[in-house]
Amino acid sequence: MRRLTLRRAPGRPLERLTARRSTRPLRPARLLGVTAAAAVLALTASGCVTVHGELALMPPATPAEAAQALADFTSAYNQADKAYDPALDARRVTGPFGEINQAGLRARAATSPGGNAAHRPLELTDARFVLPRKAGWPRWFLADTDSNLDTDAGPGDQRWLLVFVRNGPQELWEVAHLVILAPSEVPRFAEEDGYAVPVAAGSDAYAVAPEELGAGYVSFLKDGQQGALAAGPHTTLWREQRQKGAKRPGLATQYLDRVANQGDFAPLGLRTEDGDAFVFFATRFFERQTAAPGYRPKVDPSVKALLTGEVKNTVTKEWVSNQAALVKPAGTAHDGVTIKARLQGVVGAQGS
């Protein structure tokens, strides 16, 4: 594992808000054919080796380049958080985290147009860079960091896991996924030749292929059939909380979940030393609240800032949800998938 400590000042923690594809249950992954390239043809100007039109296995970055990407992100994040200006970090975020971040900044800019009077510079230190080799673009790596927004020991101690994605040699590194875990919950990642081992989206080596996690999660939230999902705060308890909220007097709440796995929302996985897969994946859901005749749903100011249309008796909030899951090897009969963390935020709202 490549380890490097980075100390760079600078916001406030990301506010963790709470509340396409198919929706079939989680099931064993399909076997996908894999072809190997035959011979090296040329070395490109970017340092990538072309192999019959594909790229040879290459590390995503050097430790120094990964550290610079983390520093650049932290600086942009702090500038944006201090000014509540999404444009200041728009080129350093993407995917599910990017959509949550940008919507949150737009909302806070509307409610606090003078900027963030309580801004506290974010510092991400003790950075451990997990660098998987892969062919072609996009490339990505994981930064396992300690933030200055928690306690350094005990139950309040946390690690910020940020997934950086780069879509080409001329593109910037952007953070696509962020989840927050206790130090003891961060797995030890497997290595080959000194580099981390990525898990293919369609791999059949695990209880569920990474590309199927979103569909299975969406299906469970709809019908409650766990399949390979283990019970826990982000599965059974989360569904129970939704059901309780739907029964409030005078206010009916409905949920509609959707898979989000295209482009920079694509699931990304790493093999652990125990033979599991640790996978980052995203979903999108809509929360519709309809008030009884003669009443209007209450709309939080931060949601109102993202609102289109007029709230007469219904408001529909759109959320993006970013999860990290630990997936057991194929053949695991029960509890093959454990959702370890979830970070979600409102990214839009519609009144009617």
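These legends describe close-up views of a predicted model. Local features need pLDDT of at least 70, side-chain atom pairs count only at pLDDT 80 or more, and totals for chains, interfaces and linings use all residues. Residues are numbered from 1 along each chain as its sequence is written, and side-chain values use heavy atoms, with hydrogens and water left out.

**View 1. Helices α3 and α4 cross at roughly 45°.** α3 covers residues 210-223 and α4 covers residues 236-245. Their axes (lines fitted to C-alpha atoms over the stretch in contact) come within 9 Å. Tyr217, Phe220, Leu221, Lys222 and Asp223 in α3 meet Thr236, Trp238, Arg239 and Arg242 in α4 (contact means heavy atoms within 4.5 Å). These contact residues divide into four nonpolar, one polar and four charged.

**View 2. The largest nonpolar core has 56 residues.** Such a core joins buried Ala, Val, Leu, Ile, Met, Phe, Trp, Tyr and Cys residues through side-chain atoms within 4.5 Å (buried means under 20% relative accessible area, with a 1.4 Å probe and protein chains only). Phe73, Phe129, Phe141, Phe164, Val327 and Val337 have the most contacts inside this core. Helix α1 (residues 63-83) gives the most to it, with six residues. A second, separate core of 19 residues includes Val130, Leu142, Val163 and Phe189.

**View 3. Proline 267 sits in the loop between β12 and β13.** Proline 267 is buried, at 12% relative accessible area. Leaving out residues up to four places away in sequence, proline 267 touches Pro210, Glu211, Asn261, Val279, Phe280 and Phe281. The C-alpha atoms of proline 267 and phenylalanine 280 are separated by 5.4 Å. Along the chain, these two residues are 13 residues apart.

Note on methods. Axes are lines fitted to C-alpha atoms, for helices over the stretch in contact, and angles run from 0 to 180 degrees between N-to-C directions. Helices (H or I, at least four residues) and strands (E, at least two) are DSSP runs, numbered from the N terminus. Ala, Val, Leu, Ile, Met, Phe, Trp, Tyr, Cys and Pro count as nonpolar, Asp, Glu, Lys and Arg as charged, and the others, Gly among them, as polar. Buried means under 20% relative accessible area, exposed over 50%, partly exposed in between (1.4 Å probe, protein chains only).
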